[in-house]
Amino acid sequence: MTPREGTPQAHTADVDPLGALRAPDDPDCDVYLTGTVFLDIIFTGLDSAPVRGTESWARGMGSSPGGIANMASALARLGLRTSLAAAFGDDHYGEYCWDALEQGEGIDLSRSRTVPGWHSPVTVSMAYEGERTMVSHGHEAPPPEGALPECPPRARAAVAALTPGRSDDWIARAAGHGARVFADVGWDDTGRWDLAGLPDLAHCEAFLPNAEEAMRYTRTDCPRAAARALAELVPLVVVTLGAEGAYAVDSASGATAEVPAIDVAALDPTGAGDVFVAGFVTGTLAGWPLADRIAFSGLTAALSVQEFGGSLSAPGWSEVAAWWSYVQESSDQDPAALRRYAFLAGLLPAPSRPWPLRRAVPTIGFGRSG
């Protein structure tokens, strides 16, 4: 598939967080992931939730690849060599998503495929009052015809979304090839919340549920107690606490860490969880201390919610550098809290533009005329 006129050039990360660790015999891929790519259409600037029988007007709108593309974009923008295996429709939506990811973000799509006659899954997201409401439509992609490149490839890490009651063979294969598997989990629609229904957890190095998920799976009423209980099953557990930050337990070393969230004005939370995981994967592969990893993950997630769209909002190193430069001079943040991020000083490039940076907002309709 060749890029069309108007397609952004490949995003190049300003920092290689693994640069000091790379060796000639390393795998070509830092992180492998697979899943469904949606076309996301995001409406922002709604004063309230849509009301039945009325028409609501949004003050803002954008389009971007969504679904697993949120995670892939977040990883790539942090400088990790990212490989995505996904199905793409051969409609305009699929072509746009392919180009945006491959040409715009530099993501390896050699293990992805275009499916003739299959239309792309679509999600319409409406952001208001710091929350979102989504409506999605799509059908499962037909199985591939013929041989595909090796999946999963040899990689430093893999990111998996666990599904209650289902096991995915590729997760065990990835772990068997030496990949460090990081996993999150979706809402259990069955209501069972049974850890036995997550068999692939046995192959995971790290598990990153939110507080509600963690407490339901462990039958506890405290997210910190839930994290400690889960750490008996998984070497590393990070429980996200929303506006309170995150809490982590490393059962191998016995270390725990808790970092409060950065206070920001949220525009759209779409993809913030994916950005958090991407930040944590980056810090873990780079060998950072546990508390630094959590702090960085929370910061990147906080920066993402100030923009709309999942993959569009994922910050790169230039955004982090601009934010850090800005808060050194003028900040509404607690100075003591900001000292938690002093480790960034030795990592960040010189800021090229002042904060806030406005990230690109590609829209399908512009094309050649844009």
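The structure is a predicted model, in which local features need pLDDT of at least 70 and side-chain atom pairs count only at pLDDT 80 or more, while totals for chains, interfaces and linings use all residues. Residues are numbered from 1 along each chain as its sequence is written, and side-chain values use heavy atoms, with hydrogens and water left out.

**Overall make-up**

- The protein contains 10 helices and 14 strands; helices (H or I, at least four residues) and strands (E, at least two) are DSSP runs, numbered from the N terminus.
- Of the 370 residues, 51% are buried, where buried means under 20% relative accessible area, exposed over 50%, and partly exposed in between (1.4 Å probe, protein chains only).
- Among contacts (heavy atoms within 4.5 Å) with a separation of 6 or more, 70% join residues 24 or more positions apart.

**Packing of helices α4 and α5**

- Helix α4 (residues 211-218) packs against helix α5 (residues 223-230) at an angle of about 60 degrees, and their axes are 8 Å apart. Axes are lines fitted to C-alpha atoms, for helices over the stretch in contact, and angles run from 0 to 180 degrees between N-to-C directions.
- The two helices, α4 and α5, are therefore oblique to each other; angles under 35 degrees count as roughly parallel, over 145 as roughly antiparallel, 65 to 115 as roughly perpendicular and the rest as oblique.
- On the α4 side the contact is made by Ala-211, Ala-214, Met-215 and Thr-218, and on the α5 side by Pro-223, Ala-226, Ala-229 and Leu-230.

- Helix α4 is largely enclosed by the rest of the structure, because 6 of its 8 residues are buried.
- These buried residues are Ala-211, Glu-213, Ala-214, Met-215, Tyr-217 and Thr-218.
- Their cover includes β10 (180-185), α5 and β12 (236-240).

**Residue Ala-231**

- Ala-231 lies in the loop between α5 and β12, and it counts as buried at 10% relative accessibility.
- Beyond its neighbours within four places in sequence, Ala-231 is in contact with Val-237, Val-249 and Ser-251.
- Ala-231 and Ala-252 are separated by 21 residues in sequence and by 9.0 Å in space, C-alpha to C-alpha.
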